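Subject: Structure for your review

Dear colleague,

I am passing on the structure below, and after it you will find my notes on what turned up when I went through it. Please read them alongside the coordinates.

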Amino acid sequence: MFLVFAAIGGQSISLALSKTETSDYSYADDTQKDRGTILDRKGRILASTVPINILYADPKHIFNPEEVAEALAPLVPNLDKDSLKSLLTKKGRFVELNRKLTPKRHAAILQLGLPGIYVRPSTIRIYPQGAEAAHIIGAVDRDNKGIAGIEKSQDEKLASGRNVTLSIDTGLQTILRNALKMQITKFEALGGAGVILDIKTGEVISATSLPDFDPNHLMMSTDTARFNQVTKGVYEMGSIFKVLNTAIALETGALNMQDSIDVSQPIPVAGQLINDYHPVKGSIGLAEILVRSSNIGSAHISQKIGPKTQKDYMEQLGLLSPSPLEIVENGVPIVPENWSNITAMTVSYGYGISVSMIQAASAIAAAGGDGYYIAPTILKRSPNQPIEKTRIFSTQTAKAVRSMMRLVVSDKIGTGNFADAPGYLVGGKTGTAEKILNKGFNRKANRVSFVATFPANDPAYLILMMVDEPVGQKHSYNYATAGWVVAPAIRDVVTQIAPILGVHPIDITKPENSQNLLPPIMLDGKEAVYASF
Amino acid sequence: MRFVLFSCLIVALLGSWLYFAKLSVDEQYRTLMRLESEIKSQTEHNYVLQAEWAYLTRPERLLRLSNSLLQNNAITPERILPITAIPMRRAASSPALNTEAGVENVVY
């Protein structure tokens, strides 16, 4: 009796303690998380990770490669029977045959029941928006490790499964990209770039560089297409720098709005002449120098500012060191070694110093906005996040600069009339810079740009667009200047994005709007108007 | 002897209870594994659907479709007015006005 009970008890305990198939189960491995998603400011997916099936072969388990290759060939895209056979006879235990197996093909291959042919689940990074914002998003390698753009700079965060929300708005990105693309085609240009900046927050709302690439097919893109002209390329910006020159002159008191300068004589500098595109006889005021984009006038202004002061301001505006943008492709500005009087003259109209477009945009946002410098960011700011602002220009200086920028567009003598989007009070400045060729400048190869702020009475957004080597056309009377090439694109972009951004048409005749601009200024002997003509 | 027999019986009962408890835990474990696998599969499926949705609703495609199918154009500034431009409804108690007076009373 005792023995029977002892045997039953012992067996029960033994069974209870024995290992079963479930004892080896463990919870899903949480340490290997899927890479986080990259979203735009409105929550649209820019980059995501989706599951895929990798078809592979273990040649050691394949006894008849010929037969297997013949059976597989109709189901594996891009590989014919012969190439499959050579893969199946390779040395080693893992030969990848296809990375993006569709569920239908996967099922068909399983049904074949071929020995040595296996399917392994994996993940792949996909970019649903294709080439839109490709330079900003970047790409990953085959192991899903970031190799460019945000994918690289935020690699740690993304790899740990957390999402990254960018300040980019894909909708605006499309509008900017389309407008730029159209001008590049119209003027047979090499390429171009554009950026939209939120002046109040420093957020980059849109940034595009053309030609671009589809990150889903990175290997098919060229080096030129992968180059980010907005953040990585550094260029002599040309006359858009005159906005900074004017702002510094007013801020330092080197000149005031009533002062005038004789611009009738070209200035000889180091064997060259500083000339004007549209020469003017006699003296003109500060506003007219900017509106007419006078190089001679700007060079004279720079001499009143002085090279040291000019350099100090350039430093405060973040133009002498790489931009702090959260992206790895940040260009290093090319800055003159000795900041002499001649340097100050050339810098005043955007030569002799090369900066990235994003740097130029942030600096001009300070001068043409509220006077604050805000470091640009590509990551979306949360509503209550404090914004670090550095006051560079007084409210009075900023008011004068944005008034003059408006006149560049609204006054008939201005160089940017085609940028006028009626109702939105676009202010701006044209810039045409000759490209460097064999230690000199190539007069026939220009990089034309336009910087715009809107609405001029209380600038909320800045747009900077650049077109590389446009060719004059019949429809532009053979002109290929910024006013002809980029200004119309600015108008198109503003007209389309303003309603999306909640910028309402402004009636400049209303005192609450006009009080944010200077009282009417005399230009070309007449009272200039801010309203669209 | 009776105590030993009783102890053996208790051990046998406890052992049986432990065995059934273990079977029950194993079953629960299997259910948990199945649920986790389902959640993972559904999550992955969700990722695919979200990516497909993002691809189909990309602004570039919507813009192209709206241009070709709806002939939509960007809204012009003349068509955007402030909310105050909408005429206010007259209070029910206010006396009826003739057309001219009514126009004068519209609040802009």
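The buried residues of helix 8 of chain A are Thr170(A), Gly171(A), Leu172(A), Gln173(A), Thr174(A), Ile175(A), Leu176(A), Arg177(A), Ala179(A), Leu180(A), Gln183(A) and Ile184(A). Please bear in mind throughout that this is a predicted model.

The helix itself, residues 170-186 of chain A, has 17 residues and reaches 24 Å from its first C-alpha to its last, which is close to the 24 Å expected at 1.5 Å a residue. Because twelve of those 17 residues are buried, helix 8 of chain A is largely enclosed by the rest of the structure. Its buried residues pack, within chain A, against strand 8 (191-198), strand 9 (204-210), strand 20 (461-468), helix 17 (482-485) and helix 18 (487-501), and they also pack against helix 2 (59-70) of chain B. Helix 8 of chain A is followed by Glu188(A), whose phi is positive, near 45°.

Turning to the contact between the chains, 35 residues are taken from chain A and 33 residues from chain B. On the chain B side, helix 1 (2-56) and helix 2 each supply at least two residues, and helix 1 of chain B gives the most, with 24 residues. By class, this side of chain B has 22 nonpolar, three polar and eight charged residues.

If residues up to four places away in sequence are not counted, Ile490(A) touches Ala419(A), Val426(A), Gly428(A), Phe450(A), Ala452(A), Ile463(A) and Met465(A).

Arg292(A) lies between helix 11 (286-291) and helix 12 (295-305) of chain A, in the loop that joins them. Arg292(A) and Leu190(A), by C-alpha positions, are 28 Å apart in space and 102 residues apart in sequence.

With best regards

How values were computed: Residues are numbered from 1 along each chain as its sequence is written. Chains are lettered from A and ligands numbered from 1 in the order in which they are written. This is a predicted model: local features need pLDDT of at least 70, side-chain atom pairs count only at pLDDT 80 or more; totals for chains, interfaces and linings use all residues. Helices (H or I, at least four residues) and strands (E, at least two) are DSSP runs, numbered from the N terminus. The expected span of a helix is 1.5 Å times one less than its number of residues. A residue is buried if 20 or more other C-beta atoms lie within 10 Å of its own, exposed if 12 or fewer, and partly exposed in between; C-beta atoms are placed from the backbone. Two residues are in contact if their C-beta atoms, placed from the backbone, lie within 7 Å. Ala, Val, Leu, Ile, Met, Phe, Trp, Tyr, Cys and Pro count as nonpolar, Asp, Glu, Lys and Arg as charged, and the others, Gly among them, as polar.
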